[in-house]
Amino acid sequence: MANWIEVCAEGEIEEEDVIRFDHDGRTFAVYRSPDDAYFATDGLCTHEQIHLADGLVMDEVIECPKHNGRFDYRTGEALGAPVCVDLKTYPAKVEGGRVLIDLG
Amino acid sequence: MDDIVIIGAGECGVRAAFTLRKLGFEGRIVLFGAETMVPYERPPLSKAKAPEHKPIAAREAFEEAQIDLRLGVTVRAIDTRAKTVTLEEGASHSYGKLLIATGARARLFPGMDDCLTLRTHEDAETIMRHVEPAATIGIVGGGFIGLELAATAVKAGADVTVIEAGPRILGRAVPEEIARLVHERHAAEGVTLLTGTGVETVRATGVTLSDGREFCFDKVIAGVGALPNTALAEDAGLDVENGIVVDGSFQASAKDVYAAGDCCRFPWRGTPVRLESWKAAQDQGTHVAEAMMGTLAPYEKVPWFWSDQYDLTLQVAGLFDPRFQTRSRGAGAAGDTHIVFQCDTAGKLVAAAGIGPGNTVAKDIKLFEKLIEKNAPLDPDALADPSHNLKTFLKAA
Ligand SMILES: Cc1cc2nc3c(=O)[nH]c(=O)nc-3n(C[C@H](O)[C@H](O)[C@H](O)COP(=O)(O)OP(=O)(O)OC[C@H]3O[C@@H](n4cnc5c(N)ncnc54)[C@H](O)[C@@H]3O)c2cc1C
Ligand code: FES
C-alpha cells in the first residue's frame, strides 16, 4: 500500500543535490537530479553507518562522504568497493509543489 | 601455466583479485597472505578502543569468486626467470603473472625494538590492552597513526604524551593551518604534545629527549612512519627505491611482475611517489588488475586520504608541495570547518585539505579532488572565495 510522506517544498533541494529527511525513527536521503527528477534512498551508507546527505551528487551518482563509496541513487545500486550492498530506494514524486516519498 | 599469483592479502591484493574476476579472468587466482585473519580493513585499528575486525570481503565471497585464498602463508622468494614463488615450507608455485602487494610495516629506529607498533589487528589488540584509565602512554611520532591513537587513548581515560621531533605535527602531509587546528584540539582534550624535541633514546617504558628530559610511561608506542615491504622484490633483483619501482601500469622491472599499493613507488604526474592510503590501495588494485588483463592506461587517480580524530575528520586530496602557496577557503558557515588548497604557478590545483566535525568538509574536498583530476587552470582567488560554488568550476573546466 502506498504511504506517501511529505519531505519538503520543491525548491528546498537544490538541483543535483541531496538532503537528509528523518521520519518515524528512520532516516532517508532525498535527491534532486540534474534533470529535475526526485529520488529517495535509505539515508545511511551500507559500508558504515554514515549519512549520505553530506555526500556529493554528480549526475546520477551519490558519493559517500566518508570513504567514497558510490551508489546510483535512482536504483540504489552499489557501484564498487568499498560498498558492495545496494541501497534501498523509495518512490518519490512532486505534487502541488511538495516533494513526497512513498514509504510503503 | 597462466595462474595469477598475488602476494599480500591486504586492501590492494584483495581488490586486484576480485577485479580480475570481474574482468573475466578465468584462470586460477592464488592469493597468499601472511596474516591468518580473513583480510580486513586497517583504518579502524587506530580509531577505536575496541577495533572491530572488518573484513574487506567475507570468506564466502572469496569462495564464490573462486579466489584461492591462502592465509597464514608467507612467500619467501620470487624467481622471475623460472616464474615461481617459494613458500615457507619450500613448496613452490608457478605463475603466469605475479602481483606483489605486500604493503608496509611500522618503521622502527634503533633502540625502539621494545616499543609497541600498529599495523595489524593483533598489534591493535596488544596496544588497546594497555590503553586504560590513568595509564600513561607515550607516543613517539606525531603522524596520522600516532595522533589517531592519541585521540583514542585519551578518550579512554589514559594520560597521553605525543613526542614529535619535527617542528610541528603531521609534517608535510598537510599545511600548517590544518596541523595547527589538529594540535589545538589535542591540547584541548588533554594530550601533552611536545614538538621540535629530538629523541635521544627510547625504551619500552620511557623516553629520553635530546635536551636531557626524561619521561616514564607505562607503555611507549612508536608511530614514526612505515616502510614498504620490499625485501622479496629486492632479493628477486627487481628495482627498488623507497618502494618497488613500477611504471604507470604498475609493472615492475621484470616481465609479468607487477606491484601496487603501499609497497610500490609509481609515477604520478611525472613524479615518482609512494603513498600509504587506503583508497590508493583500492584504486591501484583495480588499475593493476586491468593492466594484467591487457588494458594499459595511465593511472590518474588523485591521491586521497582521510583521518578521524575525536569528532573531527580530516580529508586530503592531491599532494601538497612546499614550492606552492597555500590559500584558505575560509572557515565555513558555522565557523568550525577549515579548507585550504594549493595551485601551481599556472593556476592548476595541486592539493586541498579540509578539517571539520563529522563529514562537513567531504563535499568540498570531493569537488577539489575532481578539479585536481581535471588538471585545468583555475583562478585561485575565486577558489579562495567560499561564496563561489566549487561545482560551477567543475562544470566549466
Ligand atoms: C592503524 C592504521 C590506520 C590507518 N588509517 C588510515 C586512514 O584513516 N585513511 C587512509 O587512507 N589510510 C589509512 N591507513 C593506511 C591503509 O590501511 C593502507 O594504505 C592500506 O592498508 C594499504 O594496503 P596494501 O594492500 O597496499 O597493504 P597492507 O594492507 O599492508 O597489506 C599487505 C599484506 O601483505 C601481507 N604480506 C606482506 N609480505 C608478505 C609475504 N611475503 N607473503 C605473504 N603475505 C605478505 C601482509 O601481512 C599484509 O597483510 C591506515 C593504516 C593503519 C595501519
Ligand atoms: S561509510 Fe560509506 S563508503 Fe564507508
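Helices here are DSSP runs of H or I at least four residues long, numbered from the N terminus. By that count, helix 8 of chain B is followed directly by N375(B), which takes a positive phi of about 60°. The model is predicted.

**Helix 8 of chain B**
- Helix 8 spans residues 362-374, 13 residues in total.
- From first C-alpha to last it reaches 18 Å, close to the 18 Å expected at 1.5 Å a residue.
- Its buried residues are A362(B), I365(B), K366(B), L367(B), F368(B), E369(B), L371(B) and I372(B).
- The list includes the charged residues K366(B) and E369(B).

**Helix 5 of chain B**
- Helix 5 covers residues 176-188 and has 13 residues.
- Its reach is 18 Å between the first and last C-alpha, close to the expected 18 Å.
- Four of its residues, I178(B), A179(B), V182(B) and H186(B), are buried.
- Viewed down the helix axis, these buried residues fall within an arc of 100°, so they line one face of helix 5.
- An α-helix has 3.6 residues a turn, so residues three or four places apart point the same way.
- The buried residues pack against helix 4 (144-155) and several strands of chain B, namely strand 11 (192-195), strand 21 (304-309), strand 22 (312-318), strand 24 (338-343) and strand 25 (349-357).
- G190(B) follows helix 5 and has a positive phi, near 100°.

**Ligand 1**
- Ligand 1 is surrounded by 35 residues.
- The closest are C12(B), E35(B), R42(B), K47(B) and R119(B).
- The side chain of K47(B) places an N or O atom 2.6 Å from an oxygen atom of the ligand.
- The side chain of R119(B) has an N or O atom 2.7 Å from a ligand oxygen atom.
- At V75(B), a backbone N or O atom lies 2.9 Å from a nitrogen atom of ligand 1.
- On its own, ligand 1 has 1,000 Å² of accessible area, and the protein covers 93% of that.
- Elements of chain B giving two or more residues to the shell are helix 1 (11-22), strand 2 (29-33), helix 4, helix 7 (278-292) and strand 21.
- Helix 4 and strand 21 also pack against the buried residues of helix 5.

**T120(B)**
- T120(B) sits in the loop between strand 8 (104-106) and helix 3 (121-130) of chain B.
- Its relative accessibility is 18%, so T120(B) counts as buried; the cut-off is under 20%.
- Leaving out residues up to four places away in sequence, T120(B) touches E35(B), Y40(B), R42(B) and L45(B).
- Of these, E35(B) and R42(B) are also among the residues closest to ligand 1.

Methods. Residues numbered from 1 in each chain as written. Chains lettered and ligands numbered in written order. Predicted model: local features only at pLDDT ≥ 70, side-chain atom pairs only at ≥ 80, totals over all residues. Heavy atoms only, no water. Expected span 1.5 Å × (residues − 1). Buried < 20%, exposed > 50% of the residue type's maximum accessible area, 1.4 Å probe, protein only. Arc of directions from axis to C-beta. Contact = heavy atoms within 4.5 Å. Near = heavy atom within 4 Å. Polar contact = N/O pair within 3.5 Å; in protein donor to acceptor, adjacent residues only side chain to side chain. Areas by Shrake-Rupley, 256 points an atom, 1.4 Å probe, with all protein chains shown as cover.
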